[in-house]
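Here is a set of questions and answers on how the side-chain contacts of one protein model are named. Each answer sets a computed value against its cut-off.

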Amino acid sequence: MEYQKLSAKPCSSYLFFGILLIFAFLSSFADAAIHYHEFVIEAKPVKRLCRTHSTVTVNGQFPGPTLEVRDGDTLVIEAINRAKYNVTLHWHGIRQLRNPWADGPEYVTQCPIQPGKSYKYQFTIQNQEGTLWWHAHSRWLRATVYGALIIYPKLGSPYPFPMPKREIPILLGEWWDRNPMDVLRLALFTGAAPNVSDAFTINGQPGDLYRCSSKETAIFPVEEGETILLRIINSAMNQELFFGVAKHKLTVVAVDAAYTKPFTTNVIMIAPGQTTNVLLTADQPPARYYMAAHAYNSANAPFDNTTTTAILEYKSAPCSTKKGQSLKPIFPQLPGFNDTATATAFTAQLKSPSKVKVPIEIDESLFFTVGLGLINCSNPNSPRCQGPNGTRFTASINNVSFVLPRRTSLMQAYYQGQPGIFTTDFPPVPPIQFDYTGNVSRGLWQPVTGTKLFKLKFGSKVQIVFQDTSIVSVEDHPMHLHGYQFYVVGSGFGNFDPRNDPAKFNLVDPPQRNTIGTPPGGWVAIRFVADNPGIWLLHCHIDSHLFWGLATAFLVENGVGKLQTVQPPPLDLPQC
């Protein structure tokens with residue numbers, strides 16, 4: 001009878017259900033918020049290692065402000081440049097769907113914000129949650145201009161793990177006892193490697209093992225028995241890091257704002273640009289325990305061999321020993337600086353929580369050699385040729401050392417149809433095949449320069465194999481792709497074998513990331529769908545390698561209709 005009543009009035013019932021659908025749709029946006037922030041970028045006095053420097057900061061804070069949002073929220077951030085340098089800001093790991101104008105790398109998606117000018121970054125978080133971060137993407141300003149970007153689940157959506165009692169962002173950084181821009185300027189002039197940093201930092205503080213630093217060491221109080229979530233971010237400029245907490249196990253639950261199958265470890269390896277969320281239970285005798293980080297150095301090159309510390313302090317810990325001495329923190333056992341086996345074992349454990357939709361039939365199969373090189377000088381004794389044996393350092397992908405434009409940005413040139421700024425002939429494979437990890441002929445050490453992009457059709461399924469080379473030195477190169485997350489389907493040491501290695505790929509539950517390192521002297525394979533139109537930078541997140549040219553960019557063409565097309569640029573987009 002009820003069915004007959006409903007069927008007797010089809011129009012009114014459809015209208016009723018239509019209204020219900022509209023309300024359901026609107027309710028999904030009801031909890032979304034718009035967050036307005038003003039980021040004033042200016043130099044402020046910052047004292048570290050006994051010396052005060054005029055340091056570029058955001059809102060006078062070092063590190064900069066932590067942004068806290070929920071999935072679905074919108075951020076509107078007005079960046080006001082009161083520093084003496086051009087600047088841009090990048091929201092590392094945010095997809096920026098159809099909106100490259102908010103991505104931030106200078107001369108790629110925008111011209112820099114000049115001193116005295118401003119630019120409003122506006123973007124919406126879409127189907128992302130976890131730990132990301134933001135940083136300057138102009139020269140070496142990100143050494144001090146960075147902060148955490150925390151995306152909580154939508155209201156009513158729990159974490160896929162037990163709710164922690166508290167959450168602590170842990171920003172691992174790198175500090176120079178001089179102006180980082182001067183370090184860069186000197187390296188650009190001499191052609192030599194930049195000076196290594198003088199300290200690593202946790203939340204901006206070097207810790208107890210450095211001069212004039214122990215009074216400011218970061219201390220994190222915990223209650224005995226409680227579980228906390230550490231949101232760890234490697235915001236260092238040039239160094240992969242090992243991180244651990246004395247006597248405490250770390251349960252990894254997410255990387256790069258993507259959940260993982262939980263696994264327990266004593267130490268993590270984290271590369272510049274990457275984030276790792278770990279649960280820590282305060283299950284040890286009440287005391288003070290160091291959390292510490294030091295370098296994982298995979299290259300045959302100088303590095304900062306110091307150790308940064310912070311303190312995990314049980315609230316019930318005694319203030320002093322029975323002899324009246326202050327209670328000294330317990331130190332963790334970190335791996336050796338060159339412990340590639342531990343770094344590899346850690347990365348190998350990362351998997352998605354369940355089966356994921358990995359692209360299977362590939363439209364674009366790309367093979368990218370990544371590594372360093374040397375430019376031969378006509379006058380090796382020149383002060384501008386202080387690299388090895390009177391050369392200048394360089395870096396490349398597929399023998400092309402990337403050169404940024406200066407008259408405009410790549411995205412502006414593409415959108416406006418301006419010719420002569422870039423070409424789309426980036427090689428899909430190395431122009432010459434060779435034994436990539438063997439003894440490479442010196443004739444292959446000097447790349448060509450160019451502003452070459454690789455064009456992708458919207459919706460194409462892409463595989464990239466990044467192959468490290470032994471030119472100058474093998475090394476772990478953390479490769480970051482803007483505008484995308486990708487699946488890491490395989491990795492190995494030596495030269496990639498296209499016949500046999502794909503059979504070993506994990507196409508069931510590979511981890512999802514935005515930054516992944518090449519094993520030193522090895523390869524790593526990623527897959528993604530090119531579903532975000534625009535120009536998106538791909539680069540090594542070791543900043544000394546970026547300015548040497550270890551980068552390229554993808555030009556992802558528009559698809560069909562508005563939802564597959566780059567949105568128009570904002571009116572206040574900076575001009576060069």
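Q: Why is the disulfide of Cys 50 and Cys 212 called right-handed?
A: The torsion about the S-S bond of Cys 50 and Cys 212 is about 85 degrees, so this disulfide is right-handed. The model is a predicted one, in which local features need pLDDT of at least 70 and side-chain atom pairs count only at pLDDT 80 or more, while totals for chains, interfaces and linings use all residues. Residues are numbered from 1 along each chain as its sequence is written, and side-chain values use heavy atoms, with hydrogens and water left out.

Q: What makes Cys 50 and Cys 212 a disulfide?
A: Their sulfur atoms are 1.9 Å apart, and a disulfide is defined as a pair of cysteine sulfur atoms within 2.5 Å, so the pair qualifies. Cys 50 lies in the loop between β1 (34-48) and β2 (51-58), and Cys 212 in the loop between β10 (199-202) and β11 (219-222), so the link ties together parts that are 162 residues apart in sequence. Strands (E, at least two residues) and helices (H or I, at least four) are DSSP runs, numbered from the N terminus.

Q: What is the pairing of the bonded cysteines in sequence order?
A: A search of the whole structure finds three disulfides, and numbering the bonded cysteines of the protein chain in sequence order gives the pairing 1-3, 2-6, 4-5. Cys 377 and Cys 385 also form a disulfide, with sulfur atoms 2.0 Å apart, and at -100 degrees about the S-S bond their link is left-handed.

Q: Why are Cys 377 and Cys 385 called buried?
A: Cys 377 counts as buried because its relative accessibility is 17%, and Cys 385 is buried because its relative accessible area is 9%.

Q: Why is the pair of Phe 39 and Trp 134 called tilted?
A: Rings of Phe, Tyr and Trp (its six-membered ring) pair if their centres lie within 6.5 Å, and planes under 30 degrees apart count as stacked, over 60 as edge-to-face and the rest as tilted. The structure holds 33 aromatic pairs. The ring centres of Phe 39 and Trp 134 are 4.9 Å apart and the planes stand at 50 degrees, so this pair is tilted. Phe 39 lies in strand β1 and Trp 134 in strand β7 (residues 130-136), so the pair ties together parts that are 95 residues apart in sequence.

Note on methods: Buried means under 20% relative accessible area, exposed over 50%, partly exposed in between (1.4 Å probe, protein chains only).
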